Amino acid sequence: MAMRQTPLTCSGHTRPVVDLAFSGITPYGYFLISACKDGKPMLRQGDTGDWIGTFLGHKGAVWGATLNKDATKAATAAADFTAKVWDAVSGDELMTLAHKHIVKSVDFTQDSNFLLTGGQDKLLRIYDMNKPEAEPKEISGHTSGIKKALWCSEDKQILSADDKTVRLWDHATMTEVKSLNFNMSVSSMEYIPEGEILVITYGRSIAFHSAVSLDPIKSFEAPATINSASLHPEKEFLVAGGEDFKLYKYDYNSGEELESYKGHFGPIHCVRFSPDGELYASGSEDGTLRLWQTVVGKTYGLWKCVLPEEDSGELAKPKISFPETTEEELEEIASENSDSIYSSTPEVKA
């Protein structure tokens, strides 16, 4: 019996959503943070998309956002030449870390004691969260602005990506171990600790490399330019999205395309699987986040599968409630503002 993928649409941002990250699974569930060009990163309940709060304080577009493992701290990277660290429970700003240029990426160590940043000044910086007044350690070597910087190998190494290069660094010696060069711009990078896998997207390619050696594992080609890809925690599937507004789901082992569907009213900038693998989130130029089920029709979060009467002949589809904005309302907004939908996205209400 066929099931139709029905996403949850999370509105509230007023500009393109350019980054998102999930926390680990906590006693209170898991959480989702989104970075947006409106300068107001938002925190949500991960399985439902329900809005929890907005971190207020940046004076420019927020390009990167992350949560620590237990969702007690958040960090954001912005165009106002700062990275900020927040109390994710109270929403209070804990520290502002001044940089010399736009900051694009932030990442906590597993114990939350250190924060890694990267940005347009081509430097990696490591801040000691227990000594906020101390100068950060700096690692130089990139030749263009850093797009993503991530801890890996139990925080013993660092992965970073600039325009056409991915580099692996040793944390202890602060030296480069190895690098990968690409013939086109690297659009995203995801690190999977279980199995030490690195997911890199560039052009239409989705490439998988060893995070320890940077040796290639496999790669897939998509029908359109891909901006982001994410591997399922069990390494069964991967999802990707990009310039053609579509989301693609592939079998990781065979590379077979399992599903594709138009997900947004603008290019997709970021996709990530939840820590339990039950759903994945996507952020778009249209100013919305959407949550999608990995297994369509399963009762989970706000999704409840309701099977029709046997004689009706209808297709089974999950019955859900949309937070804030329905599909019909979004389509109406899209038709009225076809050239700039995100400027009219409704504000979230507490």
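Predicted model: local features only at pLDDT ≥ 70, side-chain atom pairs only at ≥ 80, totals over all residues.

Me: How many salt bridges does the structure hold?

Reply: The structure holds ten. One of them joins the side chains of Glu138 and Arg125, at 3.4 Å from N to O. That pair links distant parts of the chain, 13 residues apart. Glu138 is in strand E13 (residues 137–139) and Arg125 is in strand E12 (residues 124–128).

Me: Is Arg125 buried or exposed?

Reply: Arg125 is buried, at 3% relative accessibility. The cut-off for buried is under 20%. Glu138 is partly exposed, with 42%.

Me: Which residues are linked with Arg125 in a network?

Reply: Asp121 and Glu138 are linked with Arg125 in a network of salt bridges.

Me: What does Asp163 pair with?

Reply: Asp163 forms a salt bridge with Lys147, and the closest N and O atoms are 3.7 Å apart. Asp163 lies in the loop between strands E15 and E16, Lys147 in the loop between E13 and E14, so the bridge ties together parts 16 residues apart in sequence. Asp163 is partly exposed at 30%, and Lys147 is partly exposed at 31%.

Me: And what does Glu176 meet in a salt bridge?

Reply: Arg167, at 2.9 Å from N to O. Glu176 is partly exposed at 34%, while Arg167 is buried at 10%.

Me: Switching to rings. How many aromatic pairs are there?

Reply: A search of the whole structure finds nine. In one of them, the ring centres of Phe208 and Phe220 are 5.7 Å apart and the planes are at 65°, so the pair is edge-to-face. Phe208 is in strand E20 and Phe220 in strand E21, twelve residues apart. Both Phe208 and Phe220 are buried.

Me: Why is the pair of Phe220 and Tyr250 stacked?

Reply: The planes of Phe220 and Tyr250 are at 25° and the centres 6.1 Å apart, so that pair is stacked. The cut-off for stacked is under 30 degrees. Phe220 in strand E21 and Tyr250 in strand E24 are 30 residues apart. Tyr250 is buried, at 3%.

Me: Which residues form the aromatic cluster?

Reply: Phe208, Phe220, Tyr248, Tyr250 and Tyr252 form one cluster.

Me: Last one. What lies over the face of Trp63?

Reply: Lys104, at 4.7 Å from the ring centre. Also, the charged end of Lys249 sits over the ring of Phe237, 4.3 Å from its centre.

Note on methods: Residues numbered from 1 in each chain as written. Heavy atoms only, no water. Salt bridge = Lys/Arg side-chain N within 4 Å of Asp/Glu carboxyl O. Helix = DSSP H or I, 4+ residues; strand = E, 2+ residues; numbered from the N terminus. Buried < 20%, exposed > 50% of the residue type's maximum accessible area, 1.4 Å probe, protein only. Phe/Tyr/Trp six-rings, centres within 6.5 Å; stacked < 30°, edge-to-face > 60°. Lys NZ or Arg CZ within 6 Å of the ring centre and 35° of its normal.
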